[in-house]
Amino acid sequence: MKIDCKHVWQHISAYIDGDVDAVLRAEIDRHLETCEICSAVLDSTRNVVVLMADDRVFELPAGFSDRLHARLDHDLALNEGS
Ligand SMILES: [Zn+2]
């Protein structure tokens, strides 16, 4: 199984929660080792989750994922252009 950045973003919350199966987790781990973008996404997503856990809010606000993905698409486009 080969996964790309969008797969990682799709599963990033479950990955942080330890809620992905071992095969997928291994694929994400391998992807993160070679992909700076997804490493940054993991860091920022983790920070958001931690902050929200501190506030006892466990659901991401509506539209959070869409906005994150839109930003990532933008960053990816910039990367590809350079
Ligand atoms: Zn990636």
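## How α1 and α2 meet, and what surrounds them

Helices α1 and α2 are roughly perpendicular to each other, because their angle falls in the range from 65 to 115 degrees. That angle is about 115 degrees. The two axes lie 11 Å apart. In passing α2, α1 makes a left-handed crossing. The model is predicted.

Which residues bring these two helices together? From α1 come Val8, His11 and Tyr15. From α2 come Leu24, Arg25, Ile28 and His31. A helix has 3.6 residues a turn, so residues three or four places apart point the same way. Setting aside neighbours within four places in sequence, isoleucine 28 is in contact with Ile3, Val8, His11 and Tyr15.

Now step back to the whole chain. There are four helices and zero strands. Read from the N terminus, the order is α-α-α-α. Buried residues account for 7% of the 82 residues. Take the contacts between residues at least 6 apart in sequence: 61% of them join residues at least 24 apart.

α1 has 12 residues. After α1 comes glycine 18, with a positive phi near 70 degrees. Helix α2 covers residues 22-34, which makes 13 residues. How many of the 13 residues of α2 are buried? The number is one, so α2 lies largely in the open.

The buried part of the chain comes next. In soluble globular proteins, nonpolar side chains tend to be buried together. Here the largest nonpolar core has five residues: Val8, Ile12, Ile28, Cys38 and Val41. The elements that give two or more residues to this core are α1 (5-16) and α3 (36-54). Ile28 and Val8 in this core are also in contact with each other.

Three further residues show how other parts of the chain come together. Start with isoleucine 16, in helix α1. Isoleucine 16 is partly exposed, because 15 other C-beta atoms lie within 10 Å, between the limits of 12 and 20. Beyond its neighbours within four places in sequence, isoleucine 16 is in contact with Thr45, Arg46 and Val49. Isoleucine 16 and valine 49 are 33 residues apart in sequence, yet 8.7 Å apart in space, C-alpha to C-alpha.

Isoleucine 37 sits in helix α3. Isoleucine 37 also counts as partly exposed, with 15 C-beta neighbours inside 10 Å. Which residues does isoleucine 37 contact, leaving aside neighbours within four places in sequence? They are Cys5, Leu72, Asp75 and Leu76. Isoleucine 37 and cysteine 5 are 32 residues apart in sequence and 8.2 Å apart in space, C-alpha to C-alpha.

Leucine 72 belongs to helix α4 (residues 64-81). Is leucine 72 buried or partly exposed? With 18 other C-beta atoms within 10 Å, leucine 72 is partly exposed, because a buried residue needs 20 or more. Not counting residues up to four places away in sequence, leucine 72 touches Trp9, Ile37 and Val41. Val41 is one of the core residues. Leucine 72 and cysteine 5 are 67 residues apart in sequence and 9.5 Å apart in space, C-alpha to C-alpha.

Terms used. Residues are numbered from 1 along each chain as its sequence is written. This is a predicted model: local features need pLDDT of at least 70, side-chain atom pairs count only at pLDDT 80 or more; totals for chains, interfaces and linings use all residues. The expected span of a helix is 1.5 Å times one less than its number of residues. A nonpolar core is a set of buried Ala, Val, Leu, Ile, Met, Phe, Trp, Tyr and Cys residues joined through C-beta atoms within 7 Å. Two residues are in contact if their C-beta atoms, placed from the backbone, lie within 7 Å. Axes are lines fitted to C-alpha atoms, for helices over the stretch in contact, and angles run from 0 to 180 degrees between N-to-C directions. Angles under 35 degrees count as roughly parallel, over 145 as roughly antiparallel, 65 to 115 as roughly perpendicular and the rest as oblique. A crossing is left-handed if the near helix is turned anticlockwise from the far one by less than a right angle, and right-handed if clockwise.
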